[in-house]
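Here is a quick walk through one protein model, from charged pairs to helix packing. Have the coordinates open as you read.

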Amino acid sequence: MIKTLTKSIREYKKHAILTPIFMCGEVSMETMIPFIMALLIDSLQSQNTKDLLMYGGILICIAFLSLFFGCMSARQAADASCGFAKNLRHDMFHKVMNFSFSDVDTFSTSSLVTRMTTDVTNLQNAFGMMIRMAVRVPLMFLFSIIMGCRINWKLTMIFIVIVPFLAFSILMISRKVRGIFKRIFKKYDALNNSVQENVSAIRVVKGFVREDYEIEKFKARSEEVRNDFTVAEKWLAAFNPLMTFFMDVAMILLMYFGAKIIISTGNNPVPELTTGQLSSLTGYGIQILSALMMLGMVFVMITMAGEAGNRVCEVLEYEPTLDVNPDGVTEVLNGDVKFDHVSFKYSEGAKKNALEDINLDVKSGETIGIIGGTGSSKSTLIQLISRLYDVTEGAVYVGGKDVREYNLKALRDQVAVVLQKNILFAGTINENMRWGKKDATQEEIIAACKAACADEFISGFPDKYETFIEQGGTNVSGGQKQRLCIARALLKNPKVLILDDSTSAVDTRTDALIRKSFKEMIPGTTKFIIAQRVSSVEDADKIIVLDGGRIVEAGTSEELIAKKGIYAEIYETQTKGKEA
C-alpha cells in the first residue's frame, strides 16, 4: 500500500523532504529553551545582570529560530500534502477513466466518489501530519530524555517509567477505533449511494410521492454513520484525560522529589539540583509527555488513513478487465461486423449467459434493426461491438478483425454509440458537439445537427449554437437531448453507428426524417438501431429479434411478418390501431 501511495508524491518530493529537515531545526531549538531557562532562573537568584541579559537575548533568538523553522516546516508540509492529494485524485480519476462498464459495476459509482473525496482527504491529513510529527515526536522524545538525564537522570526516570503505561493505553485505544472506522467507510458508501439514487431519480421519487420514504431511509443510514462515529469519538475522547492524568502524576512526582533534593542541598547544583534545573526538568517532562500525546494523535490519524489507503489502493492497483491494447491495430478498414458464436455473461459467478451463441454477419453500409422484449439483452449485444464489455465466448469482428486486436481508442473512434441514457455535459451546444470531433468546424456541426433534426429547435434559441446546456441537459427536453446526442455521434463520421433506443423520445415523423438523413449523409456507415417501435426498424436491411439472449428471428420486415412469430405479433399490436 505504501509503495502505491507514495508514487503520487512525484513533484512534491522536495517539499516532503524539506518538511522533516525544518522540523529537526524546530525541535532542536525547542529542546534548548528549557536548558537556557534554567540558566536564566539561576542567574536571577545570583542577581548577575550581565548573565541575565545574555541568557535573555539567547532565549529570544532561539524562540524566533524555533518560530521560523516551525513556519517553514508547516508551509512545506501543506504544499506536500495538498500536492499529494491532488496527484492522488488525478491518478484515481485517470484509472477510473480506463475502467470498463463491468469495472465500474464492481466498485459502484457512489463508492468511487467516496474514495476520491473523503478517503483522499483523510490520506492528505495523515500525510501532512506524518511528515511533520513522525520526525517531531521521536526527536522531541529523544532530545528531551538526553537533556533531562544531563541535568538529573534519577528524576528523568520518572518520565521513562510512565511512558510504557501511556504508550500501552494509546495502542489499545487505537486498535479499538480501527475496526469502527472500517465499518464507517462502508456505511459512507451506502449513504452516498442513497444520495446519488435520489438526485438522479428525483422525478421518479416525486412522481410516486416517495419523498417521505426516501427521507426516512436516508435518516436511517445517516444515523448508522452517526452512531459509529459517536462510539469512535468516545474512545478517542479518552486520550486527553488519560494524557492529563499521566502528566499530572509525573509533575507531582517530579515536584515532590525535586523539592526534597533542593531543600536538602540548599539549592546547590554541585551535588544535586537547583531551582532553575528543576524548572528545566519540568519543561522537558512536558515536552516528553506532549510528544506522546502527539504520537496518540498520529496513531488516530493513521488508523483512519489506513483503511482509507486500502480503499484508494484497491482502485489504483485494480487491473481493468479490458486491455486497451496500445500497440494494437489503429485503422478500421470498413464497417463489416461479425458475431461468431458469441456468448456473454456479466460476471464469472453468473449462472446464466446474458447472450447465448450469437451468430450475425453484417456488411458495411447495411442497416440492422434489433427488436425484442425488455431484458432480451439488446443493449448488451451492441455494447460488445465497441468493447464496452468483452465477450465470454466466441469473437466479435469489426472491419475483418477481432475487436480485441484493435487499439481501444482507435476502435471507439470508429464505432459511435448513442446509448440508451443520453448524457450532455455542462457547456454550450458547440462544446458538447465537439465531443464527437474536437476540431469540428461550425459548418460540420450545423450539418450534423440538421441530419439529426436538431437544427430546427437550436435555431429557435436566442444564442443558437452558443446556448448553454446545464449539467445533464436539464434545460432541454428528452427528445432534444436525444437529437443532440445523435448529432454528436454523426460528427465522428464513424464506420459503425449504434443507436440504442435513441429515438424513443422523438415523434415518428422526426424518427423517419433522421433515418432518411442517415441514408443520404452516411450511406457507407453500418447502422445498428435498437428500438421498441416497429416503425423505427421496418425499413432496415435486416431485422433481428432477440428473446432470452438468443436470436430467434432474422430477416426483412416482410419476411418476419410472413413467419407469424414474435416480430409479427409486435407489428400487429403496434399497427392495428392505425389500420382501424
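## Salt bridges

Arginine 387 is buried, at 2% relative accessibility; buried means under 20% relative accessible area, exposed over 50%, and partly exposed in between (1.4 Å probe, protein chains only). Keep in mind that this is a predicted model, where local features need pLDDT of at least 70, side-chain atom pairs count only at pLDDT 80 or more, and totals for chains, interfaces and linings use all residues. Residues are numbered from 1 along each chain as its sequence is written, and side-chain values use heavy atoms, with hydrogens and water left out.

Arginine 387 pairs up with aspartate 390 in a salt bridge, with the closest N and O atoms 2.8 Å apart. A salt bridge here is a side-chain nitrogen of Lys or Arg within 4 Å of a carboxyl oxygen of Asp or Glu. Aspartate 390 is partly exposed, at 21% relative accessibility. The structure holds 16 salt bridges, and a network of them links Glu26, Glu30 and Arg136.

Lysine 409 and aspartate 413 form a salt bridge at 3.2 Å, N to O. Because they sit four residues apart in helix 11 (residues 408–414), about one helical turn separates them. Helices are DSSP runs (H or I, at least four residues), strands likewise (E, at least two), and both are numbered from the N terminus. Lysine 409 is exposed at 58% relative accessibility, while aspartate 413 is partly exposed at 34%.

Which residue does glutamate 11 form a salt bridge with? The partner is lysine 86, and the closest N and O atoms are 3.4 Å apart. This pair links distant parts of the chain, 75 residues apart: glutamate 11 is in the loop between helix 1 and helix 2, and lysine 86 is in helix 3 (residues 49–97). Glutamate 11 is partly exposed at 46% relative accessibility, and lysine 86 is partly exposed at 42%.

## Positive phi

Arginine 10 sits in the loop between helix 1 (2–6) and helix 2 (13–46). Its phi is near 40°, a positive value in a residue other than glycine, and arginine 10 is partly exposed with a relative accessible area of 34%.

Serine 377 isn't a glycine either, yet has a positive phi of about 75°. You'll find serine 377 in the loop between strand 3 (367–372) and helix 10 (378–383), buried with a relative accessible area of 13%.

## Helix packing

Helix 15 (residues 478–490) and helix 16 (residues 508–521) pack at about 5°, with axes 13 Å apart. Axes are lines fitted to C-alpha atoms, for helices over the stretch in contact, and angles run from 0 to 180 degrees between N-to-C directions. Arg483, Ile486 and Leu490 of helix 15 make the contact with Thr510, Ile514 and Phe518 of helix 16; contact means heavy atoms within 4.5 Å.

Is threonine 510 buried or exposed? Threonine 510 is buried, with a relative accessible area of 3%. Leaving out residues up to four places away in sequence, threonine 510 touches Cys453 and Arg483.
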